[in-house]
Structures are given as structure tokens and as C-alpha cells.
Amino acid sequence: MQQDIKKLKIGGVEFSSRLFTGTGKFSSTEMMEQSILASGSELVTVALKRVDVRNHEQDDLLDKLRHPHIKLLPNTSGVRNAKEAIFAAQLAREALGTNLIKLEIHPDPKYLMPDPIETLQATEALAKLGFVVMPYIHADPVLCKRLEDAGTAAVMPLGSPIGSNKGLKTMDFLEIIIEQSNVPVIVDAGIGAPSDAAKAMEMGADAVLVNTAIAVSPDPIAMGEAFKLAVIAGRMAHEAKLAPQYSSAHASSPLTSFLYD
Amino acid sequence: MTEFKALFDTYSWEEVKQSIYAKTAADVERALSAGKRSLEDFKALISPAAEPYLERMAQMSHAISQKRFGKVIQLYVPLYLSNECNNICTYCGFSFDNKVRRKTLSEKEILREVAAIKEMGYDHVLLVTGEANHTVHVDYFKKALDLVMPHFSNVSMEVQPLDQDEYEALIPRGLHAVLVYQETYHREDYKIHHPKGKKSNFNYRLGTPDRLGRAGIHKMGLGVLIGLEDWRTDSFFTALHLSYLEKQYWKSKYSISFPRLRPFSGGLEPKVNMSDRELVQLICAYRIFNEEVELSLSTRESEVFRNNVLKLGITSMSAGSKTNPGGYAVEPQALEQFEIDDERSPAQIAQMIKAQGYEPVWKDWDVALS
């Protein structure tokens with residue numbers, strides 16, 4: 001089914017699935033594995049702080065993600081500035097053997113709001129070090145362009161506060177970002193339902209990242225699959241182009257009829 | 001320099017207490033349906049008027065906690081380094097006037113305890129001491145941190161309040177979190193419970209979270225000892241303190257504990273008894289009031305209570321705890337700070353957590369991040 005949609009390329013890697021997933025909040029690592037498999041996701045983000053990168057061969061969480069179609073996307077969750085992020089990214093690359101890094105710099109541990117200044121600095125430095133940088137950011141169109149200049153591989157604007165399941169509260173800004181971007185746009189954070197994911201894909205987002213909505217559902221496996229289908233449907237709709245929307249059926253009193261009198 | 005004391009001094013204990021007890025069912029309904037909850041809403045949620053709403057509060061607390069923290073419980077264990085103490089605290093087994101043998105772990109002994117704790121599976125540890133500034137001082141803590149850090153991903157401390165520059169010296173060594181409980185925000189009662197020693201200085205203790213915030217600590221823990229005074233009023237002041245700190249030191253994370261006074265040899269009987277129902281009410285009230293704050297539950301509580309309250313908003317738990325220095329390996333029979341209730345092993349607790357559909361998490365930090 002997934003061959004029906006265009007493949008997505010980030011940093012030289014091709015993905016058939018445009019649904020990226022997370023590994024937090026699951027009731028067990030077994031449940032996490034089953035849900036991720038059901039979602040068809042090929043890029044799965046892992047918080048460095050949650051895994052034992054120094055003995056990664058023995059880490060239970062990483063063990064469950066060893067599937068040929070799954071690539072790891074280590075994230076820097078927990079760091080507060082660019083310096084800490086760069087250090088964490090290097091540790092991840094060394095231990096896990098991947099250039100991919102999801103840059104999460106949130107000095108605010110309450111709402112986990114990304115710091116745009118530190119993120120821009122870290123992106124620039126990490127891109128120079130050869131990383132495929134995927135920064136988690138506010139839905140800020142100007143920041144997205146600045147990140148492009150700094151060498152980012154993608155941008156990951158939030159749909160609403162992380163973990164809130166509130167959907168696409170930033171829709172107007174996401175539309176501008178999608179319109180202007182030369183790098184893939186991945187809507188990260190806040191996607192609470194498959195319909196939110198489908199909507200983001202219809203709008204032209206290149207991918208979405210979903211964690212809480214799957215992990216915290218009473219049936220994470222079914223929800224993983226539901227998101228898979230929604231993302232495919234949304235992408236297919238985007239590629240097929242939506243029929244135009246009309247707010248009213250027909251104007252009752254035409255304004256241009258005088259031209260034809 | 002902003003200090004919590006300036007805000008605290010604008011409140012009167014008696015007025016706060018009266019306003020909590022005057023809350024009505026309508027106030028509780030409003031608090032439950034509000035988007036962001038205010039301190040007035042919190043008062044309603046901890047008031048007697050909220051008692052009939054306990055099940056609804058528990059359902060909300062459960063759902064909010066899962067959304068924010070997921071189906072996981074963080075596990076940690078205390079490591080008591082010393083029971084030497086120059087303070088007299090009427091409720092504590094380490095009190096200066098309690099005639100017991102005192103012990104401060106040597107470097108060798110710390111490492112033996114560390115090995116025993118690692119054997120149990122722990123990766124997050126909480127270092128605990130009394131307050132004996134001649135022997136257990138900042139230099140001792142520096143040494144202890146240097147010894148302990150290589151073995152754990154996350155190290156916290158619950159020791160005497162320190163100066164800002166002392167915290168600034170410990171944080172770069174890997175210190176992640178500091179817990180400093182005010183015990184009670186009732187100024188006069190505080191004096192009665194802490195008649196002697198450095199701890200008798202109410203204001204210095206009250207200013208500790210400010211000093212920690214300025215020093216840039218990752219996380220700090222607040223709380224009161226439940227049983228000393230009216231728990232509702234004390235909890236309001238804890239919430240007030242939390243709200244102030246969150247705005248002031250927005251880069252720090254916060255956790256709340258609600259230790260109920262436990263018996264120890266020759267100790268004080270609680271002035272105020274808090275029932276299980278009331279503790280559940282308090283836990284849910286904190287969660288509904290503040291969706292992001294961590295809530296921690298120790299082995300002071302019983303097996304049955306801990307099993308059942310796990311889903312109601314708790315984010316971290318200790319297990320297999322010993323509250324005496326050397327308790328894990330060096331000298332298992334020495335005097336405890338307080339009697340623990342839930343004596344199950346960490347493995348048993350982890351099993352219980354799994355059986356409830358939650359993942360026990362041993363590691364949620366990495367020294368590389370700080």
C-alpha cells in the first residue's frame with residue numbers, strides 16, 4: 001500500500017513510510033515494539049537519556065527496535081543549550097553509528113518549548129560536523145529559513161505543545177512553512193488523532209512524528225495502524241490534489257453580470 | 001534579588017486556612033472544569049468540599065498523568081551517607097537529642113553501598129544525610145559525588161540547605177536534583193519542631209529553593225512533613241511556593257513529595273492525622289492543579305496503598321529503601337531515620353508496576369547531558 005505514495009528522502013536516506021514515531025510513554029517495551037511495527041514507521045526517535053548508549057548491545061529498549069526496516073533517530077531531549085546538544089549528538093553518533101540527530105533543546109522542562117536561538121546555533125555546528133540535523137522547533141517560518149541556511153536536513157515544527165494531543169493549533173504558520181520550505185517539513189508534537197495527521201499530510205507536510213497519541217491510547221497497536229492509514233490517506237490526497245472548497249453554493253446576486261448586459 | 005519570602009510574608013496562615021475550609025461544591029466544580037487551574041482552584045481541590053468528588057478527581061488525575069508522563073514509573077533509591085545531626089527535630093530519628101550511635105560512611109563504605117544498590121538494578125540514586133556541618137560538609141559531598149557519579153546516570157541529594165556558591169560547586173560534579181522540604185510553612189510551629197541547630201532558621205530554609213534556582217539546578221523537590229500542622233494549609237503554601245519558583249526559575253524541573261509522619265523510636269505522634277482518602281485527594285489535587293510537576297511516593301507508605309495509588313498521578317517511587325547509613329551492605333542493623341512500611345524488594349515493586357500495565361523505568365537521564 002505504501003508504494004502508492006512518493007518516497008521521502010532525508011539526508012540521503014529514503015523512507016516509504018511518512019509516519020515517524022517515538023518510544024516514550026509505552027506501558028512496556030514489548031508494547032512499544034508491537035505498536036511501532038503496526039504503524040509501519042521506518043524512523044523511530046529514541047531519547048539518549050532513556051537508553052544505555054555505552055552498553056547499547058544490552059539495552060532492552062534498543063533491542064526491541066532491531067528490525068531491518070527501522071532506522072534510529074536519536075534525540076537530545078534533556079539538554080538545555082547548544083553546547084550540551086552538540087556533545088550529546090556526538091555521543092549518539094559514536095555509540096549508535098548514525099548521522100541522524102533529532103535536535104531537541106528545551107531549557108524549559110515544564111512545557112518543553114524549544115529554544116530557537118540555541119537550536120539555530122547547534123544546527124549550524126552539527127551540520128558542519130556532518131550530521132543530518134532534524135531540529136524540533138516552533139512553527140516559526142523565519143526560523144525555518146534560517147535553519148535551511150544553517151544546513152538543516154529537515155525542519156520539525158510543532159503542531160501544538162508537545163504531549164498535549166491538541167492537534168494543529170499552529171496551522172496557519174505550518175502552511176507558510178510548507179509553502180516556503182526547501183527541506184522536508186515534519187510536523188512534530190501535538191498530533192493527537194489520526195485525523196490531525198491526515199490533515200497535516202493533506203496540507204503538504206512531508207511527514208509527521210507521533211508518540212503520545214499512540215503510546216497513551218488504551219490500544220496502542222490499533223492506534224499505530226490507524227495513524228499509518230491516516231498518513232497514507234493524507235499523503236495520497238495531497239498528491240491527488242484536493243477538490244476546491246466553496247464556502248457557499250452559488251452567489252445569489254452576481255456582481256459581474258453588468259459586464260454582459 | 002527576588003526571594004519567595006517577600007511573597008510568603010503577604011499571606012496569613014489563618015486566613016489561608018479559613019478560605020480553604022470555606023470552599024464550596026461550586027468552587028470545586030469550577031476548579032474541575034477550568035482550563036488552567038489557579039491557586040484558588042487548588043484550594044478548592046484540597047478542601048473538605050472536594051471529598052465527594054474524589055473518584056472524579058482520581059479519573060482526571062489518572063488521565064492527565066498518562067498524557068504527560070505516559071505509562072511509566074521512575075524508580076530511585078535513597079543512599080543514606082550519615083545520621084550525624086546537630087539539629088533537634090521533634091519528629092526525626094536522627095535528632096541530636098536522640099541517643100543513638102552515629103555513623104558517617106567512609107569512602108570505602110560508600111562504594112560498598114553503591115555496589116549493593118547497583119546489584120538491585122538502580123541507576124538513579126538519592127544521597128541523604130542529617131545536618132552535621134563539621135563532618136558532613138560541602139567537601140564531604142564533593143567527595144561523595146565524585147565517588148558515586150561514575151556508577152549512576154542520575155544523582156540527587158537530600159541534605160542540609162546550602163549556600164548558593166556551594167550548590168554551584170556541586171552541580172558541575174553531576175548533581176542533578178536537590179530535595180529540600182520546608183517541613184511546615186507554619187512559622188511558629190516550625191520553631192517548636194526545630195528548637196535547636198541550624199535548621200531552626202525558618203527563613204534560611206525557606207530561601208533554599210531560590211538559592212538552588214539561582215545556582216541553575218536541573219530539578220528541585222518541595223514538600224512538607226504531613227502530620228505537623230493542618231495539611232491542607234501547608235499544601236497550599238507548597239503549591240504557592242511551586243508556582244512562584246516555576247515562574248522565577250523556569251529552567252528547573254520540580255517534584256513534590258507528601259511524606260506522612262512515620263513512627264521512630266521515641267518519636268513524636270502526629271498532631272494531625274491524614275487518612276488514605278485525604279492523601280489520595282492531595283495527590284490528585286496536585287496533578288489537576290499542575291499537570292507537569294513530578295509526584296514522588298516513598299516506602300513510608302504501605303504496600304496496598306502504593307499498589308493502588310500508582311495510577312493516580314505518581315511519577316516516581318523508591319523501593320527496597322534503607323533509611324540508615326550502611327543499611328544495604330555495611331551495617332544493615334543500625335538505626336533508621338524512620339520505619340519504612342513497604343518492604344518489598346525493587347524486583348517485586350518492578351513486577352507490581354508491570355502487572356498494573358506500567359513500565360518501570362530505571363534510567364531517564366544521562367551524565368552526558370549535563
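**Close-up views of a predicted two-chain model**

**View 1. Surroundings of A:G190 in the predicted model.** Setting aside residues up to four places away in sequence, A:G190 touches A:L158, A:G159, A:S160, A:P161, A:I162, A:S164, A:N165, A:K166, A:G167 and A:K169. In this model, which is predicted, A:G190 sits in the loop that runs between strand 9 (186-188) and helix 7 (194-203) of chain A. A:G190 counts as buried because 25 other C-beta atoms lie within 10 Å, where 20 or more are needed for that class.

**View 2. Surroundings of A:N211.** A:N211 is found in the loop between strand 10 (207-210) and helix 8 (212-215) of chain A, and it is buried, since 22 other C-beta atoms lie within 10 Å. When residues up to four places away in sequence are not counted, A:N211 touches A:T21, A:G22, A:G24 and A:K25.

**View 3. Residues annotated as a binding site in chain A.** The unreviewed UniProt entry carries the annotation "binding site" for A:G163, A:A189, A:G190, A:N211 and A:T212. Although these residues span 50 residues in sequence, no two of their C-alpha atoms are more than 9.1 Å apart, and they therefore gather at one spot.

**View 4. The largest nonpolar core, and another core apart from it.** The largest nonpolar core comprises 93 residues, and those with the most contacts inside it are B:L45, B:L79, B:V125, B:L127, B:I283 and B:A285. Helix 13 (residues 276-289) of chain B supplies the largest share of this core, namely eight residues. Another core, of 81 residues, lies apart from the largest one and includes A:L8, A:V53, A:A88 and A:V133. In soluble globular proteins, nonpolar side chains tend to be buried together.

**View 5. Contacts of B:I283.** Once its neighbours within four places in sequence are left aside, B:I283 is in contact with B:S61, B:F258, B:L295, B:V309, B:L312, B:G313 and B:I314. For chain B the mean pLDDT is 92, and 97% of its residues reach 70 or more.

**View 6. Where chain A meets chain B.** In the predicted model, 25 residues of chain A are in contact with 21 residues of chain B. On the side of chain A that touches chain B, the elements giving two or more residues are helix 3 (82-96) and helix 8 of chain A, and helix 3 of chain A gives the most, with four residues. Sorted by class, this side of chain A has 10 nonpolar, seven polar and eight charged residues. The model scores ipTM 0.77 and pTM 0.88.

Notes:
Residues numbered from 1 in each chain as written. Chains lettered and ligands numbered in written order. Predicted model: local features only at pLDDT ≥ 70, side-chain atom pairs only at ≥ 80, totals over all residues. Core = buried A, V, L, I, M, F, W, Y, C linked by C-beta atoms within 7 Å. Buried ≥ 20, exposed ≤ 12 C-beta atoms within 10 Å, placed from the backbone. Contact = placed C-beta atoms within 7 Å. UniProt positions renumbered as here; feature names shortened; annotations may be inferred. pLDDT = per-residue confidence, 0-100. Nonpolar A, V, L, I, M, F, W, Y, C, P; charged D, E, K, R; others polar.
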